[in-house]
Amino acid sequence: MFQEPIHKMHPGVPINAADRRDVWAALLPRRRRAAFRLGISTAVAAADLLTILGTAYAVDVIYSFGVLGEFPPSGVSGGLQIAGLVAVMVLLTNLAREEYSIETSLSHGPHLRRTATLWISAWAVVLILGFATKTTNDFSRIVSLGFFLAGLPMMIAVRAGMIGLVRRAITPGSASINRVHLVGFEEDIARFYAHNDAEALGLRVIGTSYLRRIEGGSDGLARHTQLAEDLDLAVSVVRFLRPDDVFILVPWSEADDIERCIDAFLRVPAALHLRPGAVMDRFPDLKVGRVGRLSGLSIGRRPLQAGEILLKRAVDLTLAVTALVMLAPLFAAVAVLIKLDSPGPVFFRQRRYGFNQQPFGVYKFRSMKTEGDAVFRQASRNDTRITRIGAVLRRSNIDELPQLINVLRGEMALVGPRPHALAHDRSFERRIAHYARRHNVMPGITGWAQVNGLRGETLTDLDMERRVAHDLHYIDNWSIWLDLRIMVQTVVSPRAYNNAF
């Protein structure tokens, strides 16, 4: 947990001589700390640059020796020219979004998704420039392809290593650590200490100023006077300690007190931050978002942006049409077997909730005997309703293939949370936290929960909670690469066939 601050300031308690010695011992020259931070950021940026150039050179050498049987050409080769252009775009973009800052290294992993997006975007620009300048024939296609394929994993690996080094270098006593002063009521500061770890956050609390509360019955003037006294003393301490940042931990419900705190601490040369209490603990990656000219804290974004929706839909349509054409003979054979095995229709259609809780009819190959009652019951192990051919279809997931029709109709995606029967949706929505968030994206034929063995009958709420947790993980971490991975696992992973009955 947090180290004890150098000075805990309660109103009316002066700073003694021992405190002063500790304070001045901790005050490293600002230039030294700034230089240290700049050096770390420069090292992370240099690692990216050297990784890009080094990978391009290595691919060039391997191609020259392995394919051409000669030494690499002297001077700057075509591969290095492309690498230089890619490196410039990667570094400038990362500098613009502060990717090399110490705070980014301390608060994120190796940024797989952002790094992959940037890498692909940089190469798209390279291809556009090459086409526009008619220079694409000047470069080796094999070297360019090898550099493109090898560069991304190398960048991710090196970035992960650099983040590990930065985290080991940044300790509460290091020269580059942010020195922070806390201001707030005692219970709010205690909550802050209870939920945060200095080493994990990459900062050092050097002082704490407690604001006093007046118990009920006091008039507004007395409260205003007391708060003014507390803030005057706190500002004096902040001027003496010279922290880099001041965090105001006053609850947002105390709007007048926050306004007075802001007015008081805008007078000191430190960065000023508001922390909205428990909201920050629930949503650790809050950012200020803008809609038009209106600003606000972004609690959650749309599950998929417009471009992501278009990309996912294009992939779904392409693969669904291809699959339906290729699987047409299988569909015909299954239809014949179903008709021969038991009386009833070939397809089974049931109402499910889709995107935004809009009901639709999901298609499946019929795998059970037709029954007169319309009461829905989940299939269970050794269920007598399952036909002989139906058991094979369910174990092999072939019964789900007609949902490719739902994909073409825009009611489902290839990958997404599996839709449940309407009765189950209504029941689980009341009992499982955040269950309804599953409907914020298109339901899928397969999903992250299914390839992790979470399918079939849900006997307890815990079974459904685990399934929902995997669905929400998919929603919060979507990428086209994750979709492709799930599609492959659906076919080849043994876990995707667990509980299939």
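Biologist: Glad to have you here! What ground rules apply to this model?

Modeller: Residues are numbered from 1 along each chain as its sequence is written, and side-chain values use heavy atoms, with hydrogens and water left out. Because the model is predicted, local features need pLDDT of at least 70 and side-chain atom pairs count only at pLDDT 80 or more, while totals for chains, interfaces and linings use all residues.

Biologist: Is Phe185 buried, partly exposed or exposed?

Modeller: Phe185 sits in strand S2 (residues 178–185); strands are DSSP runs of E with at least two residues, helices are runs of H or I with at least four, and both are numbered from the N terminus. Buried means under 20% relative accessible area, exposed over 50%, and partly exposed in between, with a 1.4 Å probe and protein chains only. Phe185 has 2% relative accessibility, so it counts as buried.

Biologist: Which C-alpha separation goes with Phe185 and Val250?

Modeller: Val250 is among the residues in contact with Phe185 when neighbours within four places in sequence are left aside, contact being heavy atoms within 4.5 Å. Others in that list include Leu211, Pro251 and Asp257. Phe185 and Val250 are 65 residues apart along the chain, and their C-alpha atoms are separated by 6.4 Å.

Biologist: Happy to move on to the strands! Which residue in S9 is the bridge partner of Arg352?

Modeller: Strand S8 (residues 347–353) and S9 run antiparallel, joined by seven bridges; strands pair if DSSP finds at least two bridges between them. S9 covers residues 359–365, and six of its seven residues are buried. The partner of Arg352 there is Phe360.

Biologist: Why does Gln357 count as partly exposed?

Modeller: Gln357 is in the loop between S8 and S9, and has a positive phi of about 60° although it is not a glycine. In this hairpin, with five residues between the strands, Asn356 takes a positive phi near 60°. Gln357 counts as partly exposed because its relative accessibility is 29%.

Biologist: And where does Arg242 lie?

Modeller: Arg242 is not a glycine, yet its phi is positive, near 50°. At 39% relative accessibility, Arg242 counts as partly exposed. Its place is the loop between helix H9 (220–241) and strand S4 (245–248).
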